[in-house]
Amino acid sequence: MNELSSRKRLNKIRVILKTIGIISILIGASSSIIAPIEIYSYYLFSDGGPVYYEGFGIGSFMFAAITFQIIAYYLIGVIFLILGYGHIKLKGWIKTYSLILLKVWLFIGLPLIIVVIIFTVMTKSLSLYFGLLFFLFLVSLYFIVPNFLLRLYKNDQLDNILISDKNTACWIYQYPERI
């Protein structure tokens, strides 16, 4: 009976990991699709564009903001596509990779969320209902989701599930997970 419940628990963790992989691939693919579309906004703000912005060009704040957004979209796309592939294939390196990314998120996530809240309040007129939902979503992104994932990746049974490719000398095994 104990072995049966252990097997069910391992299968449940496998399903969770593959679901995380699918969600990660969807995030990575959508971010990779948005990046080239965002490049089109250079035309929109430049001279002759439909929403011409006086002084738009290299060196302007708007140009730099759009450029950083494009770089961020591509970076998010690459990170999440790699992460999704590893989760779907149950690769052994996803534990280290995911723990590093989660710790980086816990370090930079709160300032980013505060900036998002400030810019959203300053630029959008939100209803109380939508504002509360948006705030709860951002809070869950910083507190609930990372804590769930940290508990998942620190689970002792995770190593039994992941396909260990340590024998192939993957470069990520040379780095500790602590940051």
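Colleague: Why is Tyr-97 called buried?

Modeller: The model is predicted, so local features require pLDDT of at least 70 and side-chain atom pairs count only at pLDDT 80 or more, while totals for chains, interfaces and linings use all residues. Residues are numbered from 1 along each chain as its sequence is written, and side-chain values use heavy atoms, with hydrogens and water left out. Buried means under 20% relative accessible area, exposed over 50%, and partly exposed in between (1.4 Å probe, protein chains only). Tyr-97 has a relative accessible area of 15%, and therefore counts as buried.

Colleague: What makes the pair of Trp-93 and Tyr-97 edge-to-face?

Modeller: Rings of Phe, Tyr and Trp (its six-membered ring) pair if their centres lie within 6.5 Å; planes under 30 degrees apart count as stacked, over 60 as edge-to-face and the rest as tilted. The search of the whole structure finds 4 aromatic pairs. For Trp-93 and Tyr-97 the centres are 5.8 Å apart and the planes stand at 80 degrees, so this pair is edge-to-face. Trp-93 is buried, because its relative accessible area is 11%.

Colleague: Why is the pair of Phe-130 and Phe-134 called stacked?

Modeller: Their ring centres are 6.3 Å apart and their planes meet at 15 degrees, so the pair is stacked. Both residues belong to helix 4 (residues 128–153), where they are 4 residues apart, about one turn of the helix. Helices here are DSSP runs (H or I, at least four residues), numbered from the N terminus.

How values were computed
Helix = DSSP H or I, 4+ residues; strand = E, 2+ residues; numbered from the N terminus.
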